[in-house]
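Please keep the sequence and the coordinates open while reading.

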Amino acid sequence: AIHRLIIACLFLVPFEFVSSQCSCTDCPITTVSNGVVSSFLNISGAVNNSLGSGGQELLSIYLDYDTDAINEVNVRLIAPNGSFVFLIQSTGINIGQQLTFNICFNYCGGDAIPDPGFSAIFDSSEDWLDFSTYSGSYFPSGSNPANGVGCFETLTGPVNGDWVLEIEDVVAQDNGVINDWFLVFA
């Protein structure tokens, strides 16, 4: 996975920025029970600073997240101009075991290869207790790949700036840790 990160980042920024700009520098981050935490990634020096048509495209975000209540979290990726995409949306209360999500969220123009038996669009209400570790790739929660709604393709503005991964736990007494996350551009 790290090789894909380096290759993707080479197209985005000069080589000296690769290790410092495309992956989490403030991880691990413990999520706050019934609260919000954020992780920041600052990108500068992008060769093409425009997201979208004719510019850079966000292809995927890798997320390494441990939680005992995937149903109870909202996870948003926020671009430097404030546009955002929900990666995971809360669907209710969950009493479960500690689960590890080593997953990718992909742009809707690409492919999703979900874990066996799961939808290509991430849905936190599915039965995530079949395994303890998940490693598939998904389209963002609530997205519609057919028309692009809720997809990375809707992010606009500059590539350079602060990218934010925001995790909101909507119920008390949960445990979670963002171990790592990174962005892949092309």
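**Strands, disulfides and a salt bridge**

The model is a predicted one.

Side chains of opposite charge can pair when their charged atoms come close. A search of the whole structure gives 1 salt bridge. The partners are glutamate 166 and arginine 76, with their closest N and O atoms 2.9 Å apart. Because glutamate 166 sits in strand 9 and arginine 76 in strand 4, residues 73-78, the pair ties together parts that are 90 residues apart in sequence. Glutamate 166 and arginine 76 are both buried.

The next links to follow are covalent. A disulfide is a covalent bond between the sulfur atoms of two cysteines. How many disulfides does the structure hold? There are 2 disulfides.

One of them joins cysteine 24 to cysteine 27, with an S to S distance of 2.0 Å. The torsion about the S-S bond of cysteine 24 and cysteine 27 is about 100°, and the disulfide is therefore right-handed. Cysteine 24 has a relative accessibility of 12%, so this residue counts as buried, the cut-off being under 20%. Cysteine 27 has a relative accessible area of 22% and is partly exposed.

Another disulfide joins cysteine 108 to cysteine 151, again with S to S at 2.0 Å. This pair links distant parts of the chain, 43 residues apart: cysteine 108 is in the loop between strand 6 (99-106) and strand 7 (133-134), and cysteine 151 is in the loop between strand 8 (137-138) and strand 9. Here the torsion about the S-S bond of cysteine 108 and cysteine 151 is about -85°, so the disulfide is left-handed. Are cysteine 108 and cysteine 151 buried or exposed? Cysteine 108 and cysteine 151 are both buried.

A further cysteine to locate in the model is cysteine 104. Cysteine 104 has a relative accessible area of 13% and is buried.

Technical notes: Residues are numbered from 1 along each chain as its sequence is written. This is a predicted model: local features need pLDDT of at least 70, side-chain atom pairs count only at pLDDT 80 or more; totals for chains, interfaces and linings use all residues. Side-chain values use heavy atoms; hydrogens and water are left out. A disulfide is a pair of cysteine sulfur atoms within 2.5 Å. Buried means under 20% relative accessible area, exposed over 50%, partly exposed in between (1.4 Å probe, protein chains only). Helices (H or I, at least four residues) and strands (E, at least two) are DSSP runs, numbered from the N terminus. A salt bridge is a side-chain nitrogen of Lys or Arg within 4 Å of a carboxyl oxygen of Asp or Glu.
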